[in-house]
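Trainee: I'd like to learn how to read charged pairs and surface patches in a model. Can you walk me through one?

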Amino acid sequence: MKSIAIIGGGIAGLAAGCALADEGHKVLLFERKPYLGGRASSYEHPGTGEVVDNCQHVLLGCCTNLIDFYKRIDAEGDVQWFDTLTFITPDGMRSELKPSALPAPLHSAPAFLRAQFLAMPDKVAIARGLAAMMRRPLADDGNSFLQWLREHGQTEGAIHR
């Protein structure tokens, strides 16, 4: 049996390695850092001793590939699911996003429209961007996501937040 080499021990490399191993392949994983996880890692801040999370901060039910990876490594039970996402701005303004009785994908629309951390033009721009993503998946055209946001009329406020 040939070995399949994977370069990079971030979440994508680990998930690919697990999927290939589950299919019976021998996997060789190469990572340049002394730890796995890539950008999905934590570290202790040297000045405060506080643990700083440096990874995906929100996991939604639509993140099916990441959820599948957690199932494969038997970590799905360690995920804490919440019905409400609380956003706090640097000046202390709080906004909560939670589902309503509307069907998906509109279930969070009422809370999104009430959110105080975004101005109405930002909300309109974000809704327009989400609609564009729903019509056609993002293509890997070599452009950055920031370029995509700007090409799809996102406001600086929406991009910043």
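Predicted model: local features only at pLDDT ≥ 70, side-chain atom pairs only at ≥ 80, totals over all residues.

Trainee: Then where does Asp68 fall, buried, partly exposed or exposed?

Mentor: Asp68 has 35% relative accessibility, so it counts as partly exposed.

Trainee: Okay, on to charges. What's the general idea behind a salt bridge?

Mentor: Side chains of opposite charge can pair when their charged atoms come close. Here, a search of the whole structure turns up four salt bridges.

Trainee: Which residue does Asp68 pair with?

Mentor: Asp68 pairs with Arg72, and their closest N and O atoms are 2.8 Å apart. Both residues sit in helix α2, four residues apart, or about one turn of the helix. Arg72 has a relative accessible area of 36%, so call it partly exposed too.

Trainee: And which helices are tied together by the pair of Asp22 and Arg72?

Mentor: First the contact itself: the Asp22 and Arg72 side chains form a salt bridge at 2.4 Å, N to O. Asp22 belongs to helix α1 (residues 11-22) and Arg72 to helix α2 (residues 64-72), so this pair ties together parts that are 50 residues apart in sequence. As for accessibility, Asp22 comes in at 52%, so it counts as exposed.

Trainee: How should I picture those contacts together?

Mentor: Think of a network: salt bridges link Asp22, Asp68 and Arg72.

Trainee: What is the N to O distance for Lys98 and Glu96?

Mentor: That salt bridge between the Lys98 and Glu96 side chains has an N to O distance of 4.0 Å. The cut-off for a salt bridge is within 4 Å. Lys98 is partly exposed, with a relative accessible area of 36%, and Glu96 is partly exposed as well, at 39%.

Trainee: Now the patches. Which residues make the nonpolar surface patch?

Mentor: Ile7, Leu28 and Phe30 make it, and the patch covers about 330 Å². To join a patch, a residue needs over 30% relative accessible area.

Trainee: Where is Phe30, and how accessible is it?

Mentor: Phe30 is in strand β2, which covers residues 26-30. Its relative accessibility is 45%, so Phe30 counts as partly exposed.

Note on methods:
Residues numbered from 1 in each chain as written. Heavy atoms only, no water. Patch = residues over 30% accessible without salt bridge, like charges linked within 9 Å, V, L, I, M, F, W, Y side chains within 5 Å. Areas by Shrake-Rupley, 256 points an atom, 1.4 Å probe, with all protein chains shown as cover. Helix = DSSP H or I, 4+ residues; strand = E, 2+ residues; numbered from the N terminus. Buried < 20%, exposed > 50% of the residue type's maximum accessible area, 1.4 Å probe, protein only.
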